[in-house]
Amino acid sequence: MLRRTMLTITAAAFLATPAFPAAHSMDIVDTAANAGDFNTLLAAAEAAGLVDTLKSEGPFTVFAPTDAAFAALPKGTVENLLDPANKDQLAAILTYHVIAGQVMSGDLSDGMTATTVQGSDVTISTDSGVMVNDANVVSADIEASNGVIHVIDKVIMPDM
């Protein structure tokens with residue numbers, strides 16, 4: 001009985017460990033790189049020349065699309081955006097995923113809007129889970145030394 005209790009406690013402690021260990025001691029870029037599911041986002045940030053900005057003091061709130069979110073875009077979209085000729089368009093899309101300042105999930109309310117670094121607003125919905133425009137927040141409040149990451153399941157696009 002004691003052994004089973006210890007195994008249960010150990011398993012519960014293991015499962016409760018955050019997916020981003022010690023993320024708050026790393027900046028947003030390093031936290032995303034450490035997570036392993038943001039390779040496309042990081043490659044895009046590099047191509048757009050935004051890595052140094054995302055490593056700066058901040059704070060920033062990043063709505064970070066996963067690799068699967070980028071893969072769901074129409075065929076050829078990512079490759080087209082990564083073309084150096086489209087750097088400005090790529091930067092506009094990526095900065096549409098960033099808000100200046102640190103916005104935690106507890107700061108969000110239904111129907112609120114927030115102005116992105118790109119200049120356009122995103123709309124937050126909390127009716128059935130948290131959404132940013134039409135993307136679901138699948139993991140929230142991942143703290144980094146210079147802000148916070150909220151993982152989303154879709155690439156959101158500004159009006160261009």
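This structure holds one cavity of 30 Å³ or more. A cavity here is a set of points, on a 1 Å grid over the protein atoms alone, where a 1.4 Å probe fits but cannot get out. Please keep in mind that the model is predicted: local features need pLDDT of at least 70, side-chain atom pairs count only at pLDDT 80 or more, and totals for chains, interfaces and linings use all residues. Residues are numbered from 1 along each chain as its sequence is written, and side-chain values use heavy atoms, with hydrogens and water left out.

**The cavity**

- The largest cavity has a volume of about 60 Å³, where a volume is the space filled by probe spheres set on the points, and grid points are joined across faces, edges and corners.
- Its lining, meaning residues with an atom within 4 Å of a point, is made up of A44, F70, V78, L81, L82, L90, I93, L94 and V155.
- Helices α6 (77-82) and α7 (87-95) each supply at least two residues of this lining; helices (H or I, at least four residues) and strands (E, at least two) are DSSP runs, numbered from the N terminus.
- By class, the lining has nine nonpolar, no polar and no charged residues, with Ala, Val, Leu, Ile, Met, Phe, Trp, Tyr, Cys and Pro counted as nonpolar, Asp, Glu, Lys and Arg as charged, and the others, Gly among them, as polar.

- The largest pocket has a volume of about 240 Å³; a pocket is an open set with protein on both sides within 12 Å along at least five of seven lines.
- It is lined by 18 residues, of which L50, L54, V62, L94 and V98 are the closest to its centre.
- Two or more lining residues come from each of α2 (28-35), α3 (39-47), α4, β1 and α7.
- The pocket lining divides into 15 nonpolar, three polar and no charged residues.

**Backbone details worth a look**

- The peptide bond from G58 to P59 is cis, with omega near 5°, and P59 sits in the loop between α4 (51-55) and β1 (60-65).
- N133, in the loop between β5 (131-132) and β6 (135-144), has a positive phi of about 55° although it is not a glycine.
- D141 lies in strand β6 and also has a positive phi, near 60°, as a residue other than glycine.
- N133 counts as partly exposed because its relative accessibility is 27%, between the cut-offs for buried (under 20% relative accessible area) and exposed (over 50%), with a 1.4 Å probe and protein chains only.
- D141 is partly exposed, with a relative accessible area of 27%.
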